[in-house]
Amino acid sequence: MKKIYISGPQIGLPHANLPAFIEAMAAVKAAGNECAFVDRSINTDVAGANELASQNIHKADAVLMLPGWEGHASCKFELDVAIAIDRNVLYFDTNLAWHKIGGKDIYGVFVKYPLDDEEDA
């Protein structure tokens, strides 16, 4: 079982984007993994939330980036931490079909960063 930290946009989105986090958590758990994330709609102190996120990322095996992460500083921070400590970075896309991950069917796709083709090049 792997621990996956979920990173995604929250601030300024309806319902703090929690439905997207719930969907991602369900997919991660369906694949037999644990998950965690920092709810920035509750943890509004940026420095404190970043510290909590960093601690969770250090304990995780991978970080899963939800759609829309690119425009949010908190997500970029979490991505930078993951890359700096050499964690796998995955991207979640619910517009794609069911895929086998770890021998189990889940909806969406996890794409590892860097892509395997780039590692071989």
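Tryptophan 69 is buried, with a relative accessible area of 13% (buried means under 20%, exposed over 50%, partly exposed in between, using a 1.4 Å probe and protein chains only). Keep in mind that this is a predicted model, where local features need pLDDT of at least 70, side-chain atom pairs count only at pLDDT 80 or more, and totals for chains, interfaces and linings use all residues. Residues are numbered from 1 along each chain as its sequence is written, and side-chain values use heavy atoms, leaving out hydrogens and water.

| Residue | Burial | Relative accessible area |
|---|---|---|
| Tryptophan 69 | buried | 13% |

The structure holds 2 aromatic pairs. In the pair of tryptophan 69 and tyrosine 91, the ring centres are 6.1 Å apart and the planes sit at 40°, so it counts as tilted. (Rings of Phe, Tyr and Trp, taking its six-membered ring, pair if their centres lie within 6.5 Å; planes under 30 degrees apart are stacked, over 60 edge-to-face, the rest tilted.) This pair links distant parts of the chain, 22 residues apart: tryptophan 69 is in the loop between strand S3 (62-65) and helix H3 (73-84), and tyrosine 91 is in strand S4 (residues 88-92). Helices (H or I, at least four residues) and strands (E, at least two) are DSSP runs, numbered from the N terminus.

Now for H3. Its buried residues are Ser74, Cys75, Glu78, Leu79, Val81 and Ala82.
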